[in-house]
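Please open the model in your viewer and keep the sequence panel beside it. The stops below say what to select next and what is to be found there.

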Amino acid sequence: MSTPANFNNAVPVIDPANAAMLLIDHQSGLFQTVHDMPMPTLRAHATALAQMATLTKMPVITTASVPQGPNGPLIPEIHAAAPHAQYVARRGEINAWDNPDFVAAVKATGRRQLIIAGTITSVCMAFPSIAAVADGYQVFAVIDASGTYSKMAQEITLARVVQAGVVPMDTAAVASELQKTWHREDAAQWAQIYTQIFPAYQLLIESHAKAQDVALRQDVLDSQRG
């Protein structure tokens, strides 16, 4: 099986102990330009990524492009979901990787895998992803937690980043790869994350809980009869 050059023959699978999450330019103004997915979906997916990072104790670095201007401030859900996230201010650089403080913050994590999502996909996600690959990082780009102005722009960008050695993923795949197993104490918290990725999952949780309740009641009745 061939792998991107930046993986040095390693299988491109996320290791929570070696990964850092970069959430770039998820700003209220930029969100108004997004047309390849519903805005609430994009917000929910970005927040879900922050929650995953918190559960796995993964470093999170955020940044914003001229937040005092029309691009607007970062959506508050991200830092609420990941209180440990480090915000790095930029000095006007469009590509976050062109900001020395941002790159220094990434290097300081000691992690060699980067999970990157950003708005706009073709710029805020793609530019630093490609630059990070060139600097030797293993990069996983979360496409459905990165929004852009058209489906065409998303498809073109996806082709570009793949050619550069970036591995594209969706939010649910990132969650499953980080979670690894349902046999863990925080399984219920992971289940709640999935409800943000696909809300219908809440119905599965409710039906499962109802089935467990019915089974428990039947066990009680059976024990009383016995």
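Helices (H or I, at least four residues) and strands (E, at least two) are taken here as DSSP runs, numbered from the N terminus. The model is a predicted one, in which local features need pLDDT of at least 70 and side-chain atom pairs count only at pLDDT 80 or more, while totals for chains, interfaces and linings use all residues. Residues are numbered from 1 along each chain as its sequence is written, and side-chain values use heavy atoms, with hydrogens and water left out.

**The sheet**

Begin by selecting the strands: six of them form an open sheet in the order S3-S2-S1-S4-S5-S6, with parallel pairing, where two strands pair if DSSP finds at least two bridges between them. At the edges are strand S3 (86–89) and strand S6 (167–169), each of which pairs on one side only. Neighbouring strands of this sheet are turned by 25° against each other on average, direction ignored; such angles run from 0 to 180 degrees between N-to-C directions, and the axes are lines fitted to C-alpha atoms, for helices over the stretch in contact.

Now zoom in on S5 and S6, which run parallel and are joined by three bridges; Phe 140 has Val 167 of S6 as its bridge partner.

Next select Thr 119 and Ile 120, which are joined by a cis peptide bond with omega of about 20°; Ile 120 has its place in the loop between S4 and H5. Continue into helix H5 (residues 121–134), whose 14 residues reach 18 Å from the first C-alpha to the last, close to the 20 Å expected at 1.5 Å a residue (the expected span is 1.5 Å times one less than the number of residues).

Of the 14 residues of H5, 10 are buried, so the helix is largely enclosed by the rest of the structure; buried means under 20% relative accessible area, exposed over 50%, and partly exposed in between, with a 1.4 Å probe and protein chains only. Colour the buried residues, among them Cys 124, Met 125 and Val 133, and look for their packing partners, which are strand S1 (19–24), strand S4 (113–118), strand S5 (138–142) and helix H6 (151–163). After H5 comes Gly 136, whose phi is positive, near 95°.

**Aromatic pairs**

Show the aromatic side chains next, since a search of the whole structure finds four aromatic pairs; rings of Phe, Tyr and Trp (its six-membered ring) pair if their centres lie within 6.5 Å, and planes under 30 degrees apart count as stacked, over 60 as edge-to-face and the rest as tilted. Trp 97 and Tyr 137 form an edge-to-face pair, 5.7 Å centre to centre and with 80° between the planes. This pair links distant parts of the chain, with Trp 97 in the loop between S3 and helix H4 (100–108) and Tyr 137 in the loop between H5 and S5, 40 residues apart. Trp 97 counts as buried at 8% relative accessibility, as does Tyr 137 at 2%.

Arg 112 lies over the face of Tyr 137, at 4.0 Å from the ring centre; a charge sits over a ring if NZ of Lys or CZ of Arg is within 6 Å of the ring centre and within 35 degrees of the ring normal.

**Last stop: a lysine**

Finally, select Lys 57, in the loop between helix H2 (39–55) and strand S2 (60–64). Lys 57 has a positive phi of about 55° although it is not a glycine, and it is exposed, with a relative accessible area of 69%.

Key. Contact means heavy atoms within 4.5 Å.
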